[in-house]
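Here is a short briefing on cores and helix packing. The structure comes first, then the notes.

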Amino acid sequence: MIRATPLPTNPEPAAGPAPLLRVTGVKKYFPITRGIIFQHKVGEVHAVDDVTLEVFPGETVGLVGETGCGKTTLAKVVTKLYEPTEGTLAFDGEDYTRYSRRQMRPLRRQMQMIFQDPYASLNPRKSVGAIIGDPFRIHRIVPKKEIKPEVEHLMELVGLNPEHYNRYAHEFSGGQRQRIGVARALALKPRLIVCDEPVSALDVSIQAQILNLLEDLQAEFHLTYLFIAHDLSVVRHVSDRIVVMYLGKIAEIAPKADLYRDPKHPYTGTLLSAVPIPDPNLGRARQRVILQGDVPSPIDPPTGCRFHPRCPKAHFPRCREEQPELRAMGENHLAACHFPLTGPDDLTAAVAAAATAAGAAPASGTVSFAPPTG
Ligand code: SF4
């Protein structure tokens, strides 16, 4: 069973060590059924498999991994858009794992979500004012006549012109639409916002604006973010800690600086070897590790370490036979690997050895990891 760090790792956990969100041993399996009239289960997709994670007040936890690794499913389980198959969820010490929709209502005010696609997540038939004002109407926390000034205030807060109150979502650019999504998420003054790839559908220049906006809002309202992305160069700008997921499981958890400087899991090392470095000389001499093969099926995950079919270091029977547990590799640094990386040279040597064993010529250059920024 995976055990994440029980300790706060935010450099300045503002409200003490108690986690705002605690996810313990959470699994989410989707049944695969056959038959038209009499359906029977023939298998399960192991989308999230025994994940334990804590998020502390005021911090940003970045959740990264390839498409299909279970990040979005975990976000939907946390916000109870999906019911967990197993495990427990607690918000500010309150166990809400088996809460009904009705019981979830008060918690929904404190826990909001920003969705990936700013084009699909806004109702095209409603004006922007109505979209942002919906949470006030649904939760009945603001008198009807005060909704419009509240919405205009929120629009101003996220950098939208309040005069555009009656416009429709299609009249806005992608970045402006994501600002509408942010304003809607902020309406109920939540404490936790789950950001599900909030910038991946946007141009790079617009991405920076939205990331800066999220950071400013966090400072102003003391928000806590669970920030999901598939791109390590995006999460490094916003995260205090980073969680790397692979095929439904946590591969590594560490404070940002540690993870970028000294990754322990070979999967994290390969991801970091591909993050752009703003130094052309270093970039030219650098080897980017390309993982061989596709991500294995979550219906029938590999035995032992789930990463072993693609891992350049997986020469040992133990990798194929024994599932690695998350274990401490440094202060607040955990990784699930039997043979953790000792540095970029270790990964360079492992990649060269794997290429030789496969009868291919080793790639030129050496592996280096991208430095953390921000
Ligand atoms: Fe690679 Fe083995 Fe570590 Fe898994 S346990 S990441 S296969 S070295």
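Ile-132 contacts Val-151, Leu-154, Met-155, Ile-180, Ala-183, Arg-184 and Ala-187, leaving aside neighbours within four places in sequence. Contact means C-beta atoms, placed from the backbone, within 7 Å. The model is predicted: local features need pLDDT of at least 70, side-chain atom pairs count only at pLDDT 80 or more, and totals for chains, interfaces and linings use all residues. Residues are numbered from 1 along each chain as its sequence is written.

**Nonpolar cores**

- The largest nonpolar core has 86 residues. Ile-132 is among those with the most contacts inside it, along with Val-78, Ala-183, Leu-226, Phe-227, Val-243 and Ala-251.
- A second, separate core has six residues, including Val-289, Leu-341, Leu-347 and Val-367.
- A nonpolar core is a set of buried Ala, Val, Leu, Ile, Met, Phe, Trp, Tyr and Cys residues joined through C-beta atoms within 7 Å.
- A residue is buried if 20 or more other C-beta atoms lie within 10 Å of its own, exposed if 12 or fewer, and partly exposed in between; C-beta atoms are placed from the backbone.

**Helix α3 against α5**

- Helix α3 (residues 128–139) and α5 pack at about 30°, with axes 7 Å apart. α3 is therefore roughly parallel to α5 (angles under 35 degrees).
- Val-128, Ile-131, Ile-132 and Pro-135 of α3 meet Ile-180, Ala-183 and Arg-184 of α5.
- By class, this contact has six nonpolar, no polar and one charged residues. Ala, Val, Leu, Ile, Met, Phe, Trp, Tyr, Cys and Pro count as nonpolar, Asp, Glu, Lys and Arg as charged, and the others, Gly among them, as polar.
- Axes are lines fitted to C-alpha atoms, for helices over the stretch in contact, and angles run from 0 to 180 degrees between N-to-C directions.
- Helices (H or I, at least four residues) and strands (E, at least two) are DSSP runs, numbered from the N terminus.

**Helix α5 against α6**

- The axes of α5 (residues 174–186) and α6 (residues 204–221) come within 10 Å and cross at roughly 20°. This pair is therefore roughly parallel too.
- Gly-174, Gly-175, Gln-178, Arg-179, Val-182 and Leu-186 of α5 meet Ile-206, Gln-209, Ile-210, Leu-213 and Leu-217 of α6.
- These residues divide into six nonpolar, four polar and one charged.

**Ile-228**

- Ile-228 lies in strand β8 (residues 224–229).
- Ile-228 counts as buried because it has 26 C-beta neighbours inside 10 Å.
- Beyond four places in sequence, Ile-228 touches Leu-63, Lys-71, Thr-72, Ala-75, Cys-195, Asp-196 and Glu-197.
- The C-alpha atoms of Ile-228 and Val-243 are 9.5 Å apart, with the two residues 15 apart along the chain.

Methods. Contact = placed C-beta atoms within 7 Å. Parallel < 35°, antiparallel > 145°, perpendicular 65-115°, else oblique.
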